[in-house]
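Please look through the sequence and the structure before reading on. The report that follows takes up a few parts of the model in turn.

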Amino acid sequence: MRKQRVFRQERKAACVFLRVLSLLLLFSLVCSLFACAPQYKKINGYGMGSYAVFTVEDERIAPSLIAALATAENDISHRVATSAVAALNRGETVVLPASLVALLETAAAIGEKTNGRFSVFSLPETSLWDFDASSPVPPAAADIAKAVGETAGARLLPLSEGRYLLEGGGIDLGAVGKGYATDALARLLALDGQSGIIAVGGSIAAVGEKQGGFKIGVRDPFSTSREVLLGVLTLSNGFVSTSGSYEKRFTHEGRDYHHILDAQTGLPVQSGLVSVTVLADSGALADMLSTAAFILGLSEGFALLEQYGAKGIFVTEKGEVYASSALSDSFRLTKGEVQYR
Amino acid sequence: MKPSYRLFRKWDIVALVLLLLLPLLLFVGLQGREEADTVLVLYGGEEIERVPLPTDPFEKTYTLSEGSVTVAFDGNGAAIIASTCPRGSCVESGKITQGGSGSYCLPLRFAIVLTGEGGLDGVTG
């Protein structure tokens, strides 16, 4: 009888012990699952004439990212006298890095698809417009006509041993530079085994994956405040860029002028759009396509994106929002309705 | 009465649910731990000052090599209210109040950024 009582007590104690142990194990398991979610840190930088924000898991990568941003700028900015692009613009024969050759080839292909309305050879035109002047005025018609002629005739000649020569025009990679930089920096972050966000101005790379996806706000083109959003995109492993007519603009004698030029006219494009946001496989491509699609307008712009497997969000001057149907699950407007195509 | 040797009883299930909820609540709480209570003042990408959001509003002028910028700070945000840059879009962009958002004067390479997450990982446009 006594033995039976002792046995029952021992069995009861064993049950209690097992219960506590099981609960603690489950608790630690759930804790460890949440602990796996990375804690991101933000690093600020400046390059390509814009502010850059890097959201990373391990901030020890900061110096490498900041150095890579400077390198990208030194490679492709026509304003940096030592850059390959500046040398080409001076008429020198230059050995170009493979990444820059690929960039210029893609730009040329997109230029052809827009019948020359998008061109990275448009420095003669862009240099006529000074949107940062205290009292900006549109250039004289004769100057624009001359610049359009120079741009139209420009081409990059491949020579022997990887050397290139620019014939006519001048290269301005302003519509591509930030995306080109996000590509380089995103590669660095991925090679370091980190997930995170590379943002150079409005060109953004989402590297890797985050629980619930990275949330990227799309700025409302009708508001001057950067805090007012058109909507929010959720993405992983992708590149986003926006071109809008609201960023750099001025009014002269009652007429509005913005900075996205049609290379065929040398004038700000009037396509009925106020902004185009593009998601693509690379930052440079997203940058180029957002500008080219803005120039082409709604229908032709969507057709261009489809050719590159890219997705887009177009906002018209009337405030209508059109988006690629592939974004129906990942894009949410803050108000109103999206028309999917 | 016949003794019960079930591994889990009703109160064990309650305890289990509480133990599962605890790390979830801790996780959610820690995610938002960086509050939007400080303004980072940046020049050329470098942090030049951290200004805690003040109880009493004040204005401060930053003199830079390219020009000068005046920033107004108050209890719920900050705004660039004057700039010698010709474009002036930094002044037009108004006050920043949400964690992670910023106001930029690119010709002067100047920026103010509010600390905190604000729920977004980036903004395009």
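Two strands are said to pair if DSSP finds at least two bridges between them. In this predicted model, β4(A) and strand β5 (residues 163-167) of chain A meet that condition, because they are joined in the antiparallel sense over 4 bridges, where at least two are needed. Within this pairing, the residue that stands opposite A:Pro158 is A:Tyr164, which belongs to β5(A).

The two strands are part of an open sheet of 3 strands in chain A, whose order is β3-β5-β4 and whose pairing is antiparallel. The edges of this sheet are formed by β3 (94-95) and β4 (155-158) of chain A, each of which pairs on one side only.

## Two loop residues with positive phi

Between β4 and β5 of chain A there is a loop, and A:Glu161 lies in it. The phi angle of A:Glu161 is near 55°, which is a positive value in a residue other than glycine.

## A buried leucine

Helix α4 (residues 98-113) of chain A contains A:Leu104. Is this leucine buried or exposed? A:Leu104 has 23 C-beta neighbours inside 10 Å, so it counts as buried, for which 20 or more are required.

Leaving aside residues up to four places away in sequence, A:Leu104 touches A:Val120 and A:Leu156. A:Leu104 and A:Leu156 are 52 residues apart along the chain, and yet their C-alpha atoms are separated by 8.7 Å.

## The two faces of a helix

Helix α6 (residues 141-152) of chain A has 12 residues, and from its first C-alpha to its last it reaches 16 Å, close to the 16 Å expected at 1.5 Å a residue. The buried residues in α6(A) are A:Ala147, A:Val148 and A:Thr151. Seen down the axis of α6(A), these buried residues fall within an arc of 105°, and so they line one face of the helix.

The buried residues of α6(A) pack against α5 (123-126) of chain A. On the other side of α6(A), by contrast, A:Ala142 and A:Ala145 are exposed.

## Where the chains meet

How many residues of chain A are in contact with chain B? There are 44 residues of chain A in contact with 39 residues of chain B. Several elements of chain A give two or more residues to the side that touches chain B, among them α1 (2-35), β1 (41-47), β8 (214-219) and β15 (273-280). The largest share of that side, 11 residues, comes from α1(A). By type, the residues of the side of chain A that touches chain B divide into 21 nonpolar, 15 polar and 8 charged.

Conventions. Residues numbered from 1 in each chain as written. Chains lettered and ligands numbered in written order. Predicted model: local features only at pLDDT ≥ 70, side-chain atom pairs only at ≥ 80, totals over all residues. Contact = placed C-beta atoms within 7 Å. Nonpolar A, V, L, I, M, F, W, Y, C, P; charged D, E, K, R; others polar. Expected span 1.5 Å × (residues − 1). Buried ≥ 20, exposed ≤ 12 C-beta atoms within 10 Å, placed from the backbone. Arc of directions from axis to C-beta.
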